[in-house]
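This briefing is meant for a reader who is meeting the structure for the first time. Please keep the sequence and the 3D view at hand while going through the points.

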Amino acid sequence: GFINHMIGCGWGSKRLGHLYGRWIDDDEGKAGVQVHAIYEPPQECTADEIRMLDDADGAARVAKLVRSLGLTRVGVILAHPAREYAFTVNEVLLAARFHAEALADDADGAACFVTMKARPVLESETEIEGVATVEAYQLTDQAVELCTREPPAFAQSKNDARVAKTPADCCFVIEKKEQRKSTMEPFVSRIFDMARPFKASVASNGFAVENRPTEPQSSATVAQYLRSRRSRGEPFGKSLADFHLLLFLATHVLDVDVDVPVLCGHLQSGGAAELDGFRMMINCFAGLD
């Protein structure tokens, strides 16, 4: 869904999403990440810059919803127009900030915090099928530490977004050589091992996505979504178990502190009979019989 949105926008600007899921161990006991949902916070982006907008209330609401779903923030995904290099300096600085916040919440689990990239496939990349691809990376521990200092240990060059420049009183040591400038390759590690079994998510992603100008959310949107699901014969509980719908309802219909934890508990336990009260409330809001 995230990639399709970017394709639909012609990859005209960057975009960021927070990844919510779970820290897990695979059958071989290797630690990893399951991603169940992507939340796209309010942002104003260009082809060159990701600009996050202040939304403390929205962030708190998302945190309460994902906690009710038994999820946590496990990574960040960045989308960008076609280019020949992996990361700009400012992208690494931003990802490091979110990585550090996750470590502060869960130092053990967040060691697997992932930074993903969605991008168009270049004409020269004949070995990659399709028009778009997603790649996974992790920032090094050193990158997180340097980026989250106050102020950060380096900044993006004004002339080249790929190049970091240190203040006059410090430097990088690359291959035992001191230098004031560096690209981001020493600070990120590519993850190729992504093929692991994934059970059904605790929340689907079919409702209009928040904070996208192309996907307005309203009571009419809820009605259209529920009618469509009802016409397929889908149970109400399954239709309701959608991350973006639940977030919209937590903003406009339900009490995020009282109703949402109860609703999410019923959705995860499969208690269809307990949803009647929520059905009446939501149908009334959406104007459905």
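The model is predicted, and the points below are grouped by topic.

**Helices H2 and H7**

- Helix H2, which spans residues 56-68, packs with helix H7, residues 243-252, at an angle of about 125°, and their axes lie 10 Å apart.
- The two helices H2 and H7 are therefore oblique to each other, and their crossing is right-handed.
- On the H2 side the contact involves Arg61, Val62, Leu65 and Val66, which meet Phe243, Leu246, Leu247, Ala250 and Thr251 in H7.
- By class, the residues of this contact between H2 and H7 are seven nonpolar, one polar and one charged.

**The largest pocket**

- The largest pocket holds about 750 Å³ of space and is lined by 27 residues, with Gly32, Val33, Gln34, Asp193 and Met194 nearest its centre.
- Elements giving two or more residues to this lining include helix H1 (2-8), strand E1 (15-25) and strand E2 (31-39), and E2 gives the most, with six residues.
- The lining of the largest pocket comprises 20 nonpolar, three polar and four charged residues.

**The second largest pocket**

- About 600 Å³ of space lies in the second largest pocket, where His18, Tyr20, Ala59, Arg73 and Glu101 are the closest to the centre among the 26 residues that line it.
- E1, H2, strand E5 (72-79) and helix H3 (89-105) each supply at least two residues of this lining, and H2 gives the most, with six residues.
- The lining of the second largest pocket divides into 16 nonpolar, two polar and eight charged residues.

Terms used
Residues are numbered from 1 along each chain as its sequence is written. This is a predicted model: local features need pLDDT of at least 70, side-chain atom pairs count only at pLDDT 80 or more; totals for chains, interfaces and linings use all residues. Side-chain values use heavy atoms; hydrogens and water are left out. Axes are lines fitted to C-alpha atoms, for helices over the stretch in contact, and angles run from 0 to 180 degrees between N-to-C directions. Helices (H or I, at least four residues) and strands (E, at least two) are DSSP runs, numbered from the N terminus. Angles under 35 degrees count as roughly parallel, over 145 as roughly antiparallel, 65 to 115 as roughly perpendicular and the rest as oblique. A crossing is left-handed if the near helix is turned anticlockwise from the far one by less than a right angle, and right-handed if clockwise. Contact means heavy atoms within 4.5 Å. Ala, Val, Leu, Ile, Met, Phe, Trp, Tyr, Cys and Pro count as nonpolar, Asp, Glu, Lys and Arg as charged, and the others, Gly among them, as polar. On a 1 Å grid over the protein atoms alone, a cavity is a set of points where a 1.4 Å probe fits but cannot get out, and a pocket is an open set with protein on both sides within 12 Å along at least five of seven lines; lining residues have an atom within 4 Å of a point. Grid points are joined across faces, edges and corners, and a volume is the space filled by probe spheres set on the points.
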